[in-house]
Amino acid sequence: MCLGIPGQVVHMLDGYGDQLALVDVAGEQRKVNVGMLQEETFAPGDWVIIHMGFVVEKTDEAGAAAAMSGLELMGRGPGVEDPP
C-alpha cells in the first residue's frame, strides 16, 4: 500500500516525451510524471493520485476528495477530535 496525494491537472508540459504534467495539489503547483500510465491520456481538469512524484492512478473528483479525507484523518492522530 502507498500513500497517494490527490491533485488536479493544470496542463501538460511540452517536451519530456509528453510525460510531465503541472498538477495543482492543495493550492500548490507541482510537476509530476504521468509516464507510468501510458495507456491513459491527461487533460486540464483531470484528477490524479500522486506518489513520489509519479501519477499512479487517474480518478474523479469524488475519488480525489476521498483520498484527501483519508490523508487528513491520518494526520490527526489518535485522540484528536474534529474541529468545531
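User: Is Glu57 buried, exposed or partly exposed?

Analyst: In this predicted model, Glu57 is partly exposed, because its relative accessible area is 41%, which falls between the limits of 20% for buried and 50% for exposed.

User: And where does Glu57 sit?

Analyst: Glu57 belongs to strand β5.

User: What does Glu57 touch, leaving out residues up to four places away in sequence?

Analyst: With those residues set aside, Glu57 touches Leu37, Val48 and Ile49.

User: How far apart are the C-alpha atoms of Glu57 and Pro6?

Analyst: The separation between these two C-alpha atoms is 9.4 Å. Along the chain, Glu57 and Pro6 are 51 residues apart.

User: Let us step back. How many helices and strands does the protein chain have?

Analyst: The protein chain contains one helix and five strands. Read from the N terminus, the order of the elements is β-β-β-β-β-α.

User: Which way do β4 and β5 run, parallel or antiparallel?

Analyst: Strands β4 and β5 run antiparallel and are joined by five bridges. Within this pairing, Trp47 stands opposite Thr59 of β5.

User: What lies between β4 and β5?

Analyst: The two strands form a hairpin with two residues between them. In the turn, Met52 has a positive phi of about 55°.

User: How many bridges join β1 to β4?

Analyst: Four bridges join strand β1, residues 5–12, to β4, and these strands run antiparallel. As one example, Pro6 has Ile49 of β4 as its bridge partner.

User: New topic. Which residues make up the largest nonpolar core?

Analyst: This core has 11 residues in all: Val9, Ala21, Val23, Val25, Val32, Val34, Leu37, Phe42, Val48, Ile50 and Val55. Two or more of these residues come from each of the elements β2 (20–25) and β4 (47–51). The largest share, three residues, is supplied by β2.

User: What is Val48 in contact with, apart from neighbours within four places in sequence?

Analyst: Val48 is in contact with Ile5, Pro6, Gly7, Val9, Val23, Phe42, Val55, Glu57, Lys58 and Thr59. Val9, Val23, Phe42 and Val55 are, like Val48, members of the nonpolar core.

User: How many salt bridges does a search of the whole structure find?

Analyst: The search finds two salt bridges. One joins the side chains of Glu40 and Lys58, at 3.9 Å from N to O. That pair links distant parts of the chain, as Glu40 is in the loop between β3 (28–33) and β4 while Lys58 is in strand β5 (residues 54–59), 18 residues apart.

User: What about Asn33: buried or exposed?

Analyst: Asn33 is buried, with a relative accessible area of 18%. The residue is found in strand β3. Not counting residues up to four places away in sequence, Asn33 touches Gln19, Leu20, Gly53, Phe54 and Val55.

User: Now the surface. Which residues make the nonpolar surface patch of about 410 Å²?

Analyst: The patch is made by Met36, Met52, Phe54 and Val56. Met36 is placed in the loop between β3 and β4. Met36 counts as exposed because its relative accessible area of 52% is over the 50% limit.

User: What share of the residues of the whole protein chain counts as buried?

Analyst: Of the 84 residues, 26% count as buried. The protein chain exposes about 5,700 Å², and carbon and sulfur atoms supply 55% of that area.

How values were computed. Residues numbered from 1 in each chain as written. Predicted model: local features only at pLDDT ≥ 70, side-chain atom pairs only at ≥ 80, totals over all residues. Heavy atoms only, no water. Core = buried A, V, L, I, M, F, W, Y, C linked by side-chain atoms within 4.5 Å. Buried < 20%, exposed > 50% of the residue type's maximum accessible area, 1.4 Å probe, protein only. Contact = heavy atoms within 4.5 Å. Salt bridge = Lys/Arg side-chain N within 4 Å of Asp/Glu carboxyl O. Areas by Shrake-Rupley, 256 points an atom, 1.4 Å probe, with all protein chains shown as cover. Pairing = 2+ DSSP bridges. Patch = residues over 30% accessible without salt bridge, like charges linked within 9 Å, V, L, I, M, F, W, Y side chains within 5 Å.
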